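Biologist: Hello! I am new to protein models and would like to learn how to read one. Could we go through one together?

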Amino acid sequence: MLMPRAFGPQVVIGLLGVVAALLTFNACDRAPSPPDTAHRSLLATFVASQHERTERCTVGDDSRESLVLAPDQEMALTVSVPAAARLRYALAAADGTPGGMLQLRVDDDVLGEPAPTTPDRWTAYEVDLSRFAGHTIVLRAKATSGGACWAHPVVAARGYAGPLVVVVLLDTVRADRLAVYGHTRPNTPNLDALATDGIVFDDATSDASWTRASVATLFTGQSALTHGVLSRDAHLEPRWPTLAERLRAGGFTTIAFSTNPNVLPFWGFARGFDRFVDVGAESWIHNSDAAVVVDAALATIDASGTEPMLLYLHLNDAHAPYDPPPFEATALLGHYDPASPGRVLTPRASAAEVQGALDRYDAEIAYLDAQLGRFFTDVRRRGRYDEAMIVVVGDHGEEFLEHGGVYHGHTLFREVLDIPLLIKLPGNRGAGTRVATGATMQDVLPTVLAAIDLPRDALSGRMLVTKAGQPVEGSSFPRFAVTDMDHVTAYGVENDAFTLIMQTRPKPGTWVFDRRSDPHQRTNVAATTAPQIVTPLHQLLDERLLAARAGWHVRACGGTGPSVATIRLASSTPLARMERIDLEQDDAVAVASESALTWTSSLPQQTRIEERFGKLLPVTKPDRDELVFGNAGPLTVGYEGGATIFVGGSARPVPGGTATISVTDAHAPAVFAPSCPPEPSLLVWHMGSPSAAPAADPDLERRLRAIGYLQ
């Protein structure tokens, strides 16, 4: 897989800057429509008018979306200037060296002295544009004596009051350990107060049990089964518009402060954020500190005045190891010894260690709540609380041996999926409402967009409340969940009465729970529940998975050394709806006809970046490549090189280098999660019913040629 590049500690100049060094952009040729707000991001204007993506420049831990200018390069942008307007931006050196300058002008009118770039910090600037009020101008920016990162330039009317949207992500916080959700310890007085001003969803769940997957759902409004950010090396693909992109296009300044290494620009999560600040993500395993995030967020609000803004605050304090500040722990527990048991847990933990961990966990939540209380108070003092939209949501929960496990990410039981969800609307509309019907992480984005009158197109979730604060009728059932990491694969589905969980790796397992009589999932009734109850759940899960998986799957698996596989595929019907998974530049598909092709797969050992204990580490693994076709007829497979062909869900080995495989022989269930063996091999399986196969794709050859895989 081709990985996005990592951003190091120095300011970097990306592909856009290299190309831009050869060109002078002139937005006059394709001027965007005049803005309909008094606050306009020039980055959004640039993307819309130039049909390009911006670059990210990073200084220290502060990553900012920028227009990157090479030395002596000039960019021109068309800007409609509102009354009493000013231009705000930040600047840093694009090549990491001092001495660069940025000059701004409108025609022959130079806007102040040239602004110097700096290699080790971002510097904020403001330029008065009031003399151009009511006019459409061509703003020209030129870098001299060095490259420049011109970060998040914004034209805004002075005194313009816009919305404030705050999304607070409480990492690893499960709903039932909060007083606002009925926990007996009074550990969330500030969230309790927020609940009186807003709306509490009593049955909200995540669709994934670890951070990167669930935050991808939050940001995109797509389910984890759709966006596919499931493994430790998975990136959020650009094809999914994010919360930040949508709000920035609507005139918002977008800023994120994150303390979790799974939510970083490297993984694609900074897309759309003008600023994305990594607040000590690599040190979270020692102890994150919500106070640092709150301080930075309040300073950002002060600097922005009353302009429209999205703030994303990712607070990681409740994550293991459970290490609360002693003052908050003592205040909540009455007595606290930092050396007490429970700082970390294992599946063999004693009852005392589990209780100690729960005590520590509750105290960490109390500290988070105290810092949020300080944030809410200061936002109120700044006069922005009443009209703010504030969303507080968890990404997943935590296990404390309820089902034999600890931490999160490897199961789909209630303790890792139930999350808090509180929404305070502008004007405190709907204050004090509690909603009992089911909600899910997918529903948060459409609800935010509806509240601030932005489009909700192409989202799979539903709006939970109206702008007036009235709960929308209906529920989010059926709800699906998935985890696929660290050699564990499991799927879940539930309706308002029952939950089905199916684990396929490392060993099969099935759980069925009665949601009404057994809300804590203490009794697995899979063996005793009537088929008329369980079968519809199986069907729902199969239909959901087969929507993307139906058809033939052919996976080439590498070994411990470099190898090349030549695979010939032929079908009695056209090879329809081909999808490439993990193919690299060295892999090639040559189409002989609409029903036959030759696939040459280079299978070297690959080094990919994964998150491990707060660090981004290179991990070397055998390569694997996969083609998927929507066909339903038999498939003839030829494999040169002597490797074994494994067929179907039972991975039955087929001797010889060529085999004609029927759909029946290759059948695998929708929840099938194949694993490559250690030696080079070919896995072939088919999902779905032959009668459900899609029609052939007449544009297959054209698409292959366009993406460079047709020889």
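Modeller: Gladly! Let's begin with the idea of a nonpolar core: a set of buried Ala, Val, Leu, Ile, Met, Phe, Trp, Tyr and Cys residues joined through side-chain atoms within 4.5 Å. Keep in mind that this model is predicted.

Biologist: Which residues touch the most other members of the largest nonpolar core?

Modeller: Here is the general idea: in soluble globular proteins, nonpolar side chains tend to be buried together. In this structure the largest nonpolar core holds 101 residues, and F201, Y312, F375 and L421 touch the most other members. Helix α9, residues 351-381, supplies the largest share of this core, with eleven residues. For a closer look, take F375: leaving aside residues up to four places away in sequence, F375 touches V166, V294, A297, L298, I301, L311 and L313.

Biologist: What share of the 711 residues in the protein chain is buried?

Modeller: Buried residues make up 58% of them. As for contacts with a separation of 6 or more, 72% are between residues 24 or more positions apart.

Biologist: Which strands form a hairpin with two residues between them?

Modeller: Those are β34 and β35. Strands β34 (residues 605-612) and β35 (residues 615-622) run antiparallel and are joined by eight bridges. One of the pairings is I609 with P618 in β35. In the turn, F613 has a positive phi of about 55°.

Biologist: Where does pLDDT stay under 50?

Modeller: First, the general rule: where pLDDT is low, the predicted coordinates should not be read in detail. For the protein chain the mean pLDDT is 88, and 90% of residues reach 70 or more. Over residues 1-36, however, pLDDT is below 50, though this stretch has 87 contacts in the model beyond near neighbours in sequence. pLDDT also stays under 50 over residues 691-711, with 36 contacts beyond four places in sequence.

Key. Residues are numbered from 1 along each chain as its sequence is written. This is a predicted model: local features need pLDDT of at least 70, side-chain atom pairs count only at pLDDT 80 or more; totals for chains, interfaces and linings use all residues. Side-chain values use heavy atoms; hydrogens and water are left out. Buried means under 20% relative accessible area, exposed over 50%, partly exposed in between (1.4 Å probe, protein chains only). Helices (H or I, at least four residues) and strands (E, at least two) are DSSP runs, numbered from the N terminus. Contact means heavy atoms within 4.5 Å. pLDDT is the predictor's confidence in each residue, from 0 to 100. Two strands pair if DSSP finds at least two bridges between them.
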